[in-house]
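Subject: Structure handover

Dear colleague,

I am passing the structure on to you with this message, and my notes on what was found in it follow below. Please read them with the sequence and the model open beside you.

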Amino acid sequence: MEGQLAHIGAGLAGLGTGLAALGVGNVAANFLSGALRNPSAAASQTATLFIGIAFAEALGIFSFLVALLLMFAV
Amino acid sequence: MEGQLAHIGAGLAGLGTGLAALGVGNVAANFLSGALRNPSAAASQTATLFIGIAFAEALGIFSFLVALLLMFAV
Amino acid sequence: MEGQLAHIGAGLAGLGTGLAALGVGNVAANFLSGALRNPSAAASQTATLFIGIAFAEALGIFSFLVALLLMFAV
Amino acid sequence: MEGQLAHIGAGLAGLGTGLAALGVGNVAANFLSGALRNPSAAASQTATLFIGIAFAEALGIFSFLVALLLMFAV
Amino acid sequence: MEGQLAHIGAGLAGLGTGLAALGVGNVAANFLSGALRNPSAAASQTATLFIGIAFAEALGIFSFLVALLLMFAV
């Protein structure tokens, strides 16, 4: 059972990766909801959309990284 | 019991894959909700829809990848 | 107890499959909600509806695939 | 304890089946909410209602299938 | 501890049965909310109400079935 418990940890980190998709989805969802209500303002907020997606995506990728490290580095 | 614990981890990562579907669904749901309220603006936001889906879907696929790695690579 | 732990993982992935149904449901629910408020625009968004369902459904089917792999392939 | 752990997995998949009912319920709930606000448009969206229910129900039935396979096939 | 673990699985499936009640409740709740705003249209949507309840209830009953099978058949 040496090193096997780390794989459960990797799975939990993978679960976190999936949860981060909820955060990314919320950002994009609310941008779309607002942009379709007021399309003329959408272009000015595109930068903010990418900032919001990038920070949420980064955490999901950190979670994915934890899973990779648990599988291959520890 | 060699390598068996990794399969629980794969299941947890598969659970994360399913959760990511919620994020993808939210993006598409809000686009549809807005597009049907203001159809003339829908075409201009289609690119944003695909960006939002792509980033959320990517995290779901990372989670699926963790499950595959846990089953076949570690 | 050989191979038994993988079955808990399959169950977890099956739980993820069920959760993905929430994402798919949200897409269809928001389409219906919007289409009944503005029926004349519904036809133009049917393609988007299927795109949204397809991406969310794909992640649910990936999750189901993890469950099948855990039961029969590993 | 042979084969017993698979039953916990079957239970988890059964939990996913129940969660999928939330997705199916959301579709029908939003249809009813919209149809009672605008009854004349309801007939034109009945096909979409069944499409939405079918895709969400399918994932719930996949989850149920995982539970059955875990109990009787593995 | 023979057969005892199956009872945890039955409990988890029972939890899913309860969660499905949320989905069924949403359908009925939205019907009532709409029907009381527009009572004259309620009669025409009664069939849809029963369809929505039936599909969500079916998944809850599948979940209940998993619990029963885990207790008495496996």
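How many residues does the contact take from chain B and from chain A? Bearing in mind that this is a predicted model, the contact takes 43 residues from chain B and 40 residues from chain A. The area buried between these two chains is about 3,300 Å², and carbon and sulfur atoms give 79% of that area. On the side of chain B, L5(B), Q45(B) and L59(B) supply 18% of the area that this chain buries against chain A, which is more than any other three residues supply.

As for the elements involved, those that give two or more residues to the side of chain B that touches chain A are α1 (5-37) and α2 (46-72) of chain B, and the largest share, 19 residues, comes from α1(B). Across the interface of chain B and chain A, zero salt bridges are found, while three residue pairs are in polar contact, with both residues at pLDDT 80 or more.

Leaving aside residues up to four places away in sequence, R37(B) touches R37(A), R37(C) and N38(C). With a relative accessible area of 43%, R37(B) is partly exposed, because that value lies between the limits of 20% and 50%.

The remaining notes concern aromatic rings, for which a search of the whole structure finds four pairs over all chains. One of them is formed by F64(B) and F62(C), whose ring centres are 4.6 Å apart and whose planes are at 10°, so the pair is stacked. F64(B) lies in helix α2 of chain B and F62(C) in helix α2 (residues 46-72) of chain C, so this pair joins two chains. F64(B) counts as buried at 11% relative accessibility, whereas F62(C) counts as partly exposed at 25%.

Another stacked aromatic pair is made by F64(D) and F62(E), at 4.4 Å centre to centre and with 10° between the planes. This pair also crosses between chains, running from F64(D) in helix α2 (residues 46-72) of chain D to F62(E) in helix α2 (residues 46-72) of chain E. Here F64(D) counts as buried at 9% relative accessibility, and F62(E) is partly exposed, with a relative accessible area of 23%.

With best wishes

How values were computed
Residues are numbered from 1 along each chain as its sequence is written. Chains are lettered from A and ligands numbered from 1 in the order in which they are written. This is a predicted model: local features need pLDDT of at least 70, side-chain atom pairs count only at pLDDT 80 or more; totals for chains, interfaces and linings use all residues. Side-chain values use heavy atoms; hydrogens and water are left out. Contact means heavy atoms within 4.5 Å. Buried area is the accessible area (1.4 Å probe) that two parts lose on being put together, summed over both. A salt bridge is a side-chain nitrogen of Lys or Arg within 4 Å of a carboxyl oxygen of Asp or Glu. A polar contact is a pair of N or O atoms within 3.5 Å; within protein, one must be able to donate a hydrogen and the other to accept it, and residues adjacent in sequence count only if both atoms are side-chain atoms. Helices (H or I, at least four residues) and strands (E, at least two) are DSSP runs, numbered from the N terminus. Buried means under 20% relative accessible area, exposed over 50%, partly exposed in between (1.4 Å probe, protein chains only). Rings of Phe, Tyr and Trp (its six-membered ring) pair if their centres lie within 6.5 Å; planes under 30 degrees apart count as stacked, over 60 as edge-to-face and the rest as tilted.
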